[in-house]
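Let's take a friendly walk through a protein model together. Have a look at the sequence and the structure first, and then read on.

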Amino acid sequence: MSHASRTAPRICPLCEATCGLTLTIEGTTVTGARGDRDDIFSRGFICPKGASFGGLDADPDRLRVPLVRGDDGELREASWDEAFDRIAARIPALAEAHGPQAVGVVLGNPNVHTMAGSLYPPLLLAALRTRNVFTASTLDQMPKHVSSGLLFGDANAIPVPDLDRTDHLLLIGANPLESNGSLCTAPDFPGRLRALRRRGSTLTVIDPRRTRTARLADRHVAIRPGADALLLAAMAHVLLEEKLTDPGALAEHLEGADELAVALADFTPDAVAAACDVDAATITALARELAAAPTAAVYGRIGSCTVEHGTLASWLVDVLNILTGNLDRPGGALFPLSATARAPRAAAPGKGFALGRWTSRVSGHPEAKGELPTAALAEEIETPGEGRIRALIVLAANPVLSAPDGDRLDAALAGHLDFMVSVDPYLNETSRHADVVLPPPPPSQSAHFDFAFNSFAVHNQVRYTRAPIPLEDGRMDESEIHARLILAVSGMHGAPPSAVDDLAIATAITKAGAPEELADELTGRSGPERRLDLMLRLGPYGLTLERLLAHPHGIDLGPLKPRVPEILRTRSGRIELLPAPIAADLPRLRRALGARPAPLVLVGRRHLRSNNSWMHNVVSLSGGSNVCTLQVHPDDAARLGLVDGATVRIESAGGGIEAPAEITDTVRSGVVSLPHGWGHSRPGTRMAVAAAHPGANVNQLLDGTLLDPLSGTAVLNAIPVTVTPSP
């Protein structure tokens, strides 16, 4: 039987760019995806991930019904009621017997790519009352949250570069031509950078690899990995020493400028040059060029975050933007204002941002933004004593591959948990340990709104797409899965899922001081739509769901605008340039000036056709450049006796792995590079494509003990390694 072909708009949920797609659908199958030329933000741009939407959507390895572990220890298919009955019988009982800290929660990267993953986890955590919360942020972006919290009083107040108007863009540890951007939502990032060059603006890239982004730059500085904070500190020193600072309108909102100059006095270009392997003249030139540009923006990402001084580097990125007067001005770095943000308030001192309000049980790691380091998850499960994690709820996360020392975590999940729940579409390296697996439907059967990424968008806009394909029989909407999970763990098992949304709506109305009658005015087909309608109505633009639905390609809300001082939540009501935790960590950075660099260090890398570990099972995205090879500079290869394509052995503190060598001068000498998210070789998974090309898990080289102390972020880059030919 043939089905007439139709098209439908859908926002791509596969990376942070949030491009608009036009799906071609035959019956209930997505047969094609192209860029939506009418999308007000992406204007028709599409990358290989978006073009593969149909393949990912129809992946035969995606789970379709829940799995429940039987008495024989094997996972079997079960009904939704049986799955939630099992959860309701186990989680509350364990929490009652051992306290709320006996339940841990792990949140993975894909949560921010779905409506349910954004709306419901906060309610789950509130219901559980646990402090054992671990997320992908401490494997990626937490340093930026911490530095923003300390500077501005709000850990989510993260400025983004004004790509379309800046005269000078400096990227450090970022490769947006392959990542599509991170903490900077910008559809067609490559096109925006090329437009930047065409209008005569300057692009500078600081990266130990000659990436696709670096090849586009006017200047590429091949820094020694891990030295980002030192180089940025020296640039700030030049600005202060040569009196090149001009905060402009920010001056009246700054606190600690004099103390900053004293704190950075030791970080001269001459002092940091050897540690950075960048000559002093180049460092000085970088600072002077930044100061001389009519407008400029400094943007740092994963390469500068997942290192020993990640929070200091993230802080210094904004210090440079502040000192040059480029923070909070067009052409510089600005704070987006999303349609679901809290409406702007009058400038006034706030509660500020605090670190270390509690610590982890075993190693005493301080919390950051309510989270503990994911690198500490295994020890919190396996170490006996009061407060040990006995039950784990894992929402769209695969920490066996994404966290350090996956072998240890793998063993902890297998041998030390009483109960585990995974919400995941795949039986992967982590979810294979679960007692209950709850699979969400494919993206074509889900509505989409970007609650998180609109807060990092380089242009204010709002878009929403309903599910282009009806929910298949036997499947459960992801929002209902989350709502029923909350009810099951909170002693309300059996209540209608709508009760969760009704409570969330009533709480939000009360907190906003809005009239109770507003709840009756909300429209929408579902609880999530009603909650979205409420957030739009309470937001800064006074929108409604009805108006948004009338604009299927989005509503343009205008370019980014200055938002200081209303954005500030510090206790002083000002930008605090030298917060106490930062000042206390600077002596550690000073000690790095005299450190002896390792002869060979490892860094990660991104692939345009991949997003961490969760897209390696799509045939159309596998192969080509999306392979797990160890990139080695020709000089290092000759010195170590390595042959292109031959298997090599990589060893570090956490263990050893093997991968094919790829000899290339795109990495600087003394540096090797292996991509993140691979290692699909463990038994018991159901990901046939990934298992056929498993690659090596780079995080197995790490033992999890090396963290950025302020943010608890695992050090994933600039890791000392040895590389030898495999016997």
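## A tyrosine under cover

Tyr 426 is buried, because its relative accessible area is 5% (buried means under 20% relative accessible area, exposed over 50%, and partly exposed in between, with a 1.4 Å probe and protein chains only). This is a predicted model, in which local features need pLDDT of at least 70 and side-chain atom pairs count only at pLDDT 80 or more, while totals for chains, interfaces and linings use all residues. Residues are numbered from 1 along each chain as its sequence is written, and side-chain values use heavy atoms, with hydrogens and water left out.

Where does Tyr 426 sit? Its place is in the loop between strand S16 (419-423) and strand S17 (436-438). Helices (H or I, at least four residues) and strands (E, at least two) are DSSP runs, numbered from the N terminus.

Not counting residues up to four places away in sequence, Tyr 426 touches Asp 59, Asp 61, Arg 62, Leu 63, Ser 431, Trp 614, Asn 617 and Met 687. Contact here means heavy atoms within 4.5 Å. With Asp 59, the side chain of Tyr 426 also makes a side-chain polar contact at 2.5 Å. A polar contact is a pair of N or O atoms within 3.5 Å; within protein, one must be able to donate a hydrogen and the other to accept it, and residues adjacent in sequence count only if both atoms are side-chain atoms. Asp 585, in turn, is 159 residues from Tyr 426 in sequence, and their C-alpha atoms are 41 Å apart in space.

## The whole chain

Along the principal axes, the C-alpha atoms fill a box of roughly 65 × 65 × 60 Å.

Of the 727 residues, 59% count as buried. Among the contacts with a separation of 6 or more, 74% join residues 24 or more positions apart.

## More buried loop residues

| Residue | Loop between | Relative accessible area |
|---|---|---|
| Glu 367 | strand S14 (333-334) and helix H16 (377-382) | 0% |
| Val 715 | strand S27 (713-714) and strand S28 (719-720) | 3% |
| Arg 605 | strand S21 (601-603) and strand S22 (630-632) | 8% |

What does Glu 367 touch, not counting residues up to four places away in sequence? Its partners are Ala 354, Leu 355, Gly 356, Arg 357, Trp 358 and Leu 372. A polar atom of the Glu 367 side chain also lies 3.3 Å from the backbone nitrogen of Lys 369.

Arg 605 has two polar partners to look for. Its side chain makes a polar contact with the side chain of Thr 629 at 2.8 Å, and a polar atom of the Arg 605 side chain lies 2.7 Å from the backbone oxygen of Ser 673. Leaving aside neighbours within four places in sequence, the contacts of Arg 605 include Arg 209, Glu 662 and His 676.

For Val 715, contacts beyond four places in sequence include Thr 306, Val 307 and Glu 308. His 309 is 406 residues from Val 715 in sequence, with 8.9 Å between their C-alpha atoms.

## Helix H12 and some backbone details

Helix H12 (residues 269-276) has Pro 269, Val 272, Ala 273, Ala 275 and Cys 276 as its buried residues. Their cover includes helix H10 (228-241) and helix H13 (280-292). Just after H12, Asp 277 takes a positive phi of about 55°.

Lys 243 also has a positive phi of about 55°, although it is not a glycine. It lies in the loop between H10 and strand S12 (254-255). Is Lys 243 buried or exposed? Lys 243 is exposed, because its relative accessible area is 72%.

Ala 718 is another residue other than glycine with a positive phi, near 65°, and its place is in the loop between S27 and S28. Finally, the peptide bond from Val 564 to Pro 565 is cis, with omega near 15°. Pro 565 is found in the loop between strand S19 (555-558) and strand S20 (575-576).
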